[in-house]
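User: I would like a close look at one part of this model. Please keep it brisk and define terms as you go.

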Amino acid sequence: MALDLDDKLLGERVNNYISSSEDEGEEDTFNDDEHPEYNYGSQSATKSGGAQVTAPVVDPPAIDYSRTSSTGPKGVIEDYRRFKQMEADKREQQRLELMSLSRRIAMTCAPSSIDNSVLEEDEDPEMQELNAIFEEYKTQRMNEMECLLQSVPNFGHLIDLSANDFVASIDNEHQLVTVLVMVYDPVNSRPCGMFYNCLKLLATVYKKVKFCAISGEEAGLSDKFRSEATPALLAYKNKEQIGTFVQLSEEFGDEIFAVEVEKFLMEHGLLPGTESLLCPTSQLY
């Protein structure tokens with residue numbers, strides 16, 4: 001009895017069974033002629049004359065693996081290389097675009113070897129008139145700034161304040177003067193004393209800055225503030241508070257030096273300039 005396709009898939013077999021059907025004696029054979037693509041080896045065949053011949057060996061078709069997408073290690077490495085190459089190409093394209101943009105917006109000027117008189121002769125008369133007006137305006141503004149700076153008073157020393165003149169020393173000061181008020185307390189005598197001496201030294205160098213000091217008790221501050229927040233520093237300019245710094249002993253450590261205080265004030269924009277005016281060996285506190 002021949003098995004149908006379902007029986008073959010389910011693994012059914014015909015064991016010790018004699019069939020009387022007309023399909024008796026037939027065997028399932030695989031015809032190589034019907035599927036030549038699977039016949040890659042050397043196969044034997046019999047012609048009608050009974051002679052045994054050997055079919056020629058046919059090599060399997062070559063497969064180009066370079067064009068196939070692989071998900072193995074080689075495929076991952078190849079994808080990574082392509083990704084890095086794409087990144088490099090993108091960076092190069094951005095660099096070229098930036099270079100092109102910089103050429104378009106770059107400010108051009110005449111080389112120093114060209115005489116200014118020659119350039120002035122080549123300029124348009126209207127442009128020469130505008131340049132003259134601009135130079136006159138620039139000179140006028142420079143003179144006004146110099147006069148304004150000359151009106152700023154000099155101090156040159158540390159001023160001890162009381163409760164009566166604390167507000168007046170801030171509100172009645174010039175609009176360009178920075179007022180720095182230190183708040184100290186006898187409870188923290190050591191750090192307060194060091195910070196006081198640093199401001200005293202800085203006041204002799206930065207004479208356009210008003211350095212002041214007042215005790216926490218005189219300013220009417222609470223006991224908790226005086227014991228935990230001192231030494232503290234208050235910064236004012238043009239009648240407005242522009243900075244508050246408390247617990248400065250934690251900022252500077254056990255030893256407070258003038259150069260460190262100067263650097264700290266410069267970083268917060270409370271001293272003019274960006275370079276130290278103290279002597280490098282000045283470590284006074």
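Analyst: E262 lies in helix 9, residues 258-267. Helices (H or I, at least four residues) and strands (E, at least two) are DSSP runs, numbered from the N terminus.

Two notes on the source come before the details. This is a predicted model, in which local features need pLDDT of at least 70 and side-chain atom pairs count only at pLDDT 80 or more, while totals for chains, interfaces and linings use all residues. Residues are numbered from 1 along each chain as its sequence is written, and side-chain values use heavy atoms, with hydrogens and water left out.

Start with E262 itself. This residue is buried and has no salt bridge. Buried means under 20% relative accessible area, exposed over 50%, and partly exposed in between (1.4 Å probe, protein chains only). A salt bridge needs a side-chain nitrogen of Lys or Arg within 4 Å of a carboxyl oxygen of Asp or Glu. For E262, the nearest side chain of opposite charge is K263, 10 Å away. Here Lys and Arg count as positive, Asp and Glu as negative; His and the chain ends are not counted.

E262 does have a polar partner. Its side chain makes a polar contact with the side chain of Y206, at 2.4 Å. Such a contact is a pair of N or O atoms within 3.5 Å; within protein, one must be able to donate a hydrogen and the other to accept it, and residues adjacent in sequence count only if both atoms are side-chain atoms.

Leaving out residues up to four places away in sequence, E262 touches L202, Y206, L271, S276, L277 and L278. Contact means heavy atoms within 4.5 Å.

Now the rest of the helix. A258, V261, F264, L265 and M266 are among the buried residues of helix 9, along with E262. The buried residues pack against strand 4 (178-184), strand 5 (210-215), strand 6 (232-237) and strand 7 (240-245). They also pack against helix 6 (189-205) and helix 8 (248-252). After helix 9 comes G269, with a positive phi near 70 degrees.

Look next at those packing partners. S215 is found in strand 5. S215 is buried, at 16% relative accessible area. The loop between strand 6 and strand 7 holds K239. K239 is not a glycine, yet its phi is positive, about 70 degrees. K239 is exposed, with a relative accessible area of 57%. Q247 is found in the loop between strand 7 and helix 8. Its phi is positive too, about 50 degrees, although Q247 is not a glycine.
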